[in-house]
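Colleague: I would like to go through this model step by step. Could we start with the terms and then take the parts in turn?

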Amino acid sequence: MPEVWSSPVRYAECDQQGVVFNGHYLTWADEASNGWWAAHGLTWDELVARRIDPVVRASSLEWTSSARWGDTVTVDADTEKVGRTSVTVRFTVRVGERVCCVVRNTYVAVADGRATPWPDDVRARLTDS
């Protein structure tokens with residue numbers, strides 16, 4: 001089951017027509033990512049303590065409709081692909097049942113400024129979903 005994050009759309013997130021500005025979908029995906037990592041038993045504190053730095057290598061956004069001021073958005077986070085050094089997470093942004101946008105973020109494990117394989121136990125946790 002995917003992790004879910006939710007928030008009302010704030011006026012500051014919208015343009016003059018009351019439509020959410022595109023960059024906020026990435027912010028919402030970032031907010032939802034914290035719950036996704038935690039659902040895999042990986043708190044940010046643990047990742048930092050282990051010197052594992054998941055860095056966003058790529059993001060893609062596909063819109064099908066707009067979220068607007070006054071709406072409440074929910075963001076489902078679900079694992080799409082786990083690689084040796086990366087993981088791709090799909091964030092589906094909805095208002096009610098209506099899909100507004102799908103964000104895909106690919107995170108790369110970085111240590112000492114270079115991509116590095118996920119530790120075996122971390123990769124196992126990322127694969128369990």
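Modeller: Buried means under 20% relative accessible area, and exposed means over 50%. The model is a predicted one.

Colleague: Is valine 20 buried or exposed?

Modeller: Valine 20 lies in the loop between strand 1 (3–8) and helix 1 (23–39). Its relative accessible area is 7%. The limit for a buried residue is under 20%, so valine 20 is buried.

Colleague: What is the separation between the C-alpha atoms of valine 20 and valine 9?

Modeller: Val9 is among the residues in contact with valine 20, once neighbours within four places in sequence are left aside. Along the chain, valine 20 and valine 9 are 11 residues apart. Their C-alpha atoms are separated by 7.7 Å.

Colleague: Which residue just after helix 1 takes a positive phi?

Modeller: The place to look is just after helix 1. The phi there is about 75°, and the residue is glycine 41.

Colleague: Is serine 7 buried or exposed?

Modeller: Serine 7 is found in strand 1. Not counting residues up to four places away in sequence, serine 7 touches Asp71, Thr72 and Val73. Its relative accessible area is 14%. The cut-off is under 20%, so serine 7 is buried.

Colleague: How many bridges pair strand 3 and strand 4?

Modeller: Strand 3 also pairs with strand 1, in the antiparallel sense, over six bridges. Strand 3 and strand 4 form a hairpin with three residues between them. Valine 82 stands opposite valine 87 in strand 4. The pairing of strand 3 and strand 4 is antiparallel, and its number of bridges is nine.

Colleague: How many residues apart are tyrosine 11 and tryptophan 69?

Modeller: The model has six aromatic pairs. Tyrosine 11 and tryptophan 69 form an edge-to-face pair, 5.3 Å centre to centre with 75° between the planes. Tyrosine 11 is in the loop between strand 1 and helix 1, and tryptophan 69 is in the loop between strand 2 (53–63) and strand 3. The pair links distant parts of the chain, and the separation in residues is 58.

Colleague: Why is the pair of tryptophan 36 and tryptophan 37 edge-to-face?

Modeller: Tryptophan 36 and tryptophan 37 are buried, and one aromatic cluster is formed by Trp36, Trp37, Tyr107 and Trp118. The ring centres of tryptophan 36 and tryptophan 37 are 4.8 Å apart. Planes over 60 degrees apart count as edge-to-face. The pair is edge-to-face because its planes are at 80°.

Technical notes:
Residues are numbered from 1 along each chain as its sequence is written. This is a predicted model: local features need pLDDT of at least 70, side-chain atom pairs count only at pLDDT 80 or more; totals for chains, interfaces and linings use all residues. Side-chain values use heavy atoms; hydrogens and water are left out. Helices (H or I, at least four residues) and strands (E, at least two) are DSSP runs, numbered from the N terminus. Buried means under 20% relative accessible area, exposed over 50%, partly exposed in between (1.4 Å probe, protein chains only). Contact means heavy atoms within 4.5 Å. Rings of Phe, Tyr and Trp (its six-membered ring) pair if their centres lie within 6.5 Å; planes under 30 degrees apart count as stacked, over 60 as edge-to-face and the rest as tilted. Two strands pair if DSSP finds at least two bridges between them.
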